[in-house]
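Let's walk through this fold in a few quick questions.

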Amino acid sequence: MRGMTFDRMTSYPGVKETLIIVPSYNEAEGISRVVAEIRSRIPYADVVVVNDGSSDQTGRLAEEAGALVIHLSTNLGIGGAVQTGYRYAADNGYRYAAQIDGDGQHNPADFERMLDSLRANDADMVVGSRFLKREGFQSTFARKIGIDLFAKLVTGLTGRKVTDPTSGFRVCGRRAIDLFAQDYPTDYPEVEALVLLDNRGFSFVETPVVMNARLAGTSSISALRSVYYMVKVVLAVFIAKSRKKKVLSTQL
């Protein structure tokens with residue numbers, strides 16, 4: 001993560017079991033409610049908000065809501081912010097770490113069921129899928145076309161059935177925490193991260209969740225950027241997959 005600096009960071013004392021990572025960029029309108037909902041639904045977890053160089057009051061409001069806040073001096077994008085959270089989890093010995101977006105789309109009430117699924121399947125990561133039961137917010141028609149394309153691509157490349165590869169609602173065990181702390185895609189990372197896990201022989205499963213519409217603000221993927229997003233993610237997935245082939249060829 002080039003250019004990453006921590007302006008300010010503190011730590012929770014005591015036993016480290018579960019960490020909720022909340023990457024946030026200019027989410028001042030909703031971050032207080034997001035943190036309050038997480039603390040209400042998952043009271044035993046530590047909450048770290050990665051304030052990704054916001055120009056508004058996101059960091060201050062998150063602190064006032066009771067979260068630990070890592071203030072990044074510059075905007076690294078979602079990949080850098082999420083990896084910062086995993087690095088904190090790895091450095092502090094957390095057993096489990098979950099990603100919950102700062103825009104309010106992910107429902108913390110689903111966390112316990114996702115953690116149960118992680119344990120029951122002995123998986124390295126669980127992805128919350130809005131499409132397994134098709135309840136709650138389902139995304140726009142145009143974005144759903146892109147998500148379906150990515151789902152077919154990842155399913156074909158990994159041999160695992162995937163329905164919601166762009167979901168950022170994820171729960172990881174220790175092996176995945178350590179991997180993502182060292183290696184995590186930087187730009188639109190969710191789809192590529194699935195291939196990264198598969199390359200390393202790690203397992204992931206999906207569990208149904210109910211997502212909400214954003215509490216406030218707009219998505220970073222505008223209509224103009226959607227074309228770049230599609231091309232970039234497809235190329236990144238194929239490049240990531242080719243790395244596994246190179247490793248296997250070297251070993252033979």
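Below are some questions and answers about this predicted model.

Q: Among contacts between residues at least 6 apart in sequence, what share joins residues at least 24 apart?
A: Take the contacts in the chain whose partners sit at least 6 apart in sequence. Within that set, the share joining residues at least 24 apart is 77%.

Q: Within what arc do the buried residues of helix α1 fall?
A: Helix α1 spans residues 31–41, and Ile-31, Val-34, Val-35 and Ile-38 are buried there. Looking down the axis of α1, these buried residues line one face of the helix, because they fall within an arc of 95°.

Q: Which elements are included in what covers the buried residues of α1?
A: The buried residues in question are Ile-31, Val-34, Val-35 and Ile-38. Their cover includes β2 (18–24), β3 (46–52) and α2 (58–64).

Q: Which residues have the most contacts inside the largest nonpolar core?
A: That core has 41 residues. A second, separate core has 28 residues, including Ala-45, Val-49, Tyr-96 and Ala-123. Back in the largest one, the residues with the most contacts inside it are Tyr-86, Met-125, Phe-180 and Leu-197.

Q: Which residues does Leu-197 touch, not counting those up to four places away in sequence?
A: Leu-197 is one of the residues with the most contacts inside the largest nonpolar core, as are Met-125 and Phe-180. Leaving out residues up to four places away, Leu-197 touches Met-125, Ala-176, Leu-179, Phe-180, Phe-202 and Phe-204.

Q: Is Glu-192 buried or exposed?
A: Glu-192 lies in helix α7, residues 190–199. Beyond its neighbours within four places in sequence, Glu-192 is in contact with Pro-185, Lys-232, Ala-236, Val-237 and Ala-240. The cut-off for buried is under 20% relative accessible area. Glu-192 has 12% relative accessibility, so it counts as buried.

Q: How far apart in space are Glu-192 and Ile-239, C-alpha to C-alpha?
A: In sequence, 47 residues separate Glu-192 and Ile-239. From C-alpha to C-alpha, the distance between Glu-192 and Ile-239 is 9.4 Å.

Methods. Residues numbered from 1 in each chain as written. Predicted model: local features only at pLDDT ≥ 70, side-chain atom pairs only at ≥ 80, totals over all residues. Heavy atoms only, no water. Helix = DSSP H or I, 4+ residues; strand = E, 2+ residues; numbered from the N terminus. Buried < 20%, exposed > 50% of the residue type's maximum accessible area, 1.4 Å probe, protein only. Contact = heavy atoms within 4.5 Å. Arc of directions from axis to C-beta. Core = buried A, V, L, I, M, F, W, Y, C linked by side-chain atoms within 4.5 Å.
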